Amino acid sequence: MEKSKIKELKKVLSSPKKIVVIPHKNPDGDAIGSSLGVYHYLKQNKHDISIISPNDYPDFLKWMPGEEVVIKYDAQNDIACKKIKEAELIFTLDFNSLSRIDEVANGLKAFTGDYVMIDHHQAPDDYAKYTYSDTSMSSTCEMVYNFIDFLGEAHKITAEIATCLYTGIMTDTGSFRFPSTTSATHRIIANLIDYGAKNALIHNDIFDTNSLDKLHLLGCALKNLVELPQYHTVYITLSKEELQQFNYKKGDTEGFVNYGLSLKGIKFAAIFIESAQENIIKISLRSKGDFSVNEFARKHFNGGGHINAAGGRSEMSLEETTAFFEKTLKAYKEELQ
Ligand code: 5GP
Ligand code: MN
């Protein structure tokens, strides 16, 4: 963000404002972590602040400090719309386009104030007066740390803020292993521990709270894994019947796609999950090296994301979708060698 914009925003934030913070739909650790980080930070300066998530999120995020204040736009529409209408400033976190918040975009038509965007996805839309967009960043939580630092207030980071930001950096970097993890990321993580983030507890709360059903569903997903060695690619499918068999709950399939990428020599992994609720196939794509799943998702599956992690959707059946995927790969044979 330019220095003049930071100065301007600092002035705006110097007196109490009505503020709404919005993460993307189906928020992950980074979206909820960054929203709560901004929430706790701004709360200190007497702002009236609400977090409005487009919808609910998995239980493994529901221990985060302040999580209970999050308003769900789909389930609590009246209060969400009232907050949006009254807001003077809206922070949009961890997404690059209002299309990533579905119906909330409609609710925003009643909003007359300014937007602040903090995000690390490619190709950001141009709706915000204050845009902090950087695709080289590991996570929006790392950017929120920087944002507080730009405002000269890193000393105001409490244990609550540190816990939320640590969580988002950890989840978006695959526990600090993806190439987006830099020495600067590690320095910020070190500072967050100093500010009070309990790192071992956070890892436990996120990763070691599985249900037996979830582990059995993982077993099913791994059994369904298909390897396409000619493309150094694997994919996993989960049908709606399989999800039902293991009492699928939101978030249960989080991280499954990464198992595909753990197979030796694999450069591209996909998971196709049949959503009974949305009547689509939800797709997650992961890659290693310079094969861009962001471009692949944009071109073939109406989605997007980052170079090594992206998502999309298909309106075909599960079988048609995987057949289309296999056919599409033919054009990428050389790129995937
Ligand atoms: P995941 O596979 O974990 O759902 O998402 C991986 C990355 O791709 C995230 O950064 C997410 O924001 C992005 N992403 C996932 N699904 C979609 C989609 O349907 N459209 C776009 N534009 N991005 C997506
Ligand atoms: Mn993110």
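This is a predicted model: local features need pLDDT of at least 70, side-chain atom pairs count only at pLDDT 80 or more; totals for chains, interfaces and linings use all residues.
How many bridges join strand β5 to β6?

1. Strand pairing. Strand β5, comprising residues 114-119, is joined to β6 by 4 bridges, and the two strands run parallel. Within this pair, M117 stands opposite T131 of β6.

2. Sheet order. The pair belongs to an open sheet of 6 strands with parallel pairing, ordered β3-β2-β1-β4-β5-β6. Because β3 (71-72) and β6 (130-133) stand at the edges and each has a single partner strand, one side of each is left without a neighbour in the sheet.

3. Helices on the sheet. Helix α2 (residues 29-43) packs on the sheet and touches β1 (18-23), β2 (48-53), β4 (89-93) and β5. The direction of α2 makes about 165 degrees with that of β1. Helix α5 (residues 140-150) lies across β4, β5 and β6, and runs at about 120 degrees to β5.

4. An unreviewed UniProt entry lists residues 245-329 as "domain: DHHA1". In the model, this span is 32% helix and 28% strand, and its end C-alpha atoms lie 31 Å apart.

5. The residues around ligand 1 are H24, R100, S284, G303, G304, G305, H306, A309, A310, G311, G312 and R313. By class, the shell has 8 polar, 2 nonpolar and 2 charged residues.

Note on methods. Residues are numbered from 1 along each chain as its sequence is written. Chains are lettered from A and ligands numbered from 1 in the order in which they are written. Two strands pair if DSSP finds at least two bridges between them. Two residues are in contact if their C-beta atoms, placed from the backbone, lie within 7 Å. Axes are lines fitted to C-alpha atoms, for helices over the stretch in contact, and angles run from 0 to 180 degrees between N-to-C directions. UniProt positions are given in the numbering used here, feature names are shortened, and annotations may be inferred rather than shown by experiment. A residue is near a molecule or strand if its C-beta atom, placed from the backbone, lies within 6 Å of it. Ala, Val, Leu, Ile, Met, Phe, Trp, Tyr, Cys and Pro count as nonpolar, Asp, Glu, Lys and Arg as charged, and the others, Gly among them, as polar.
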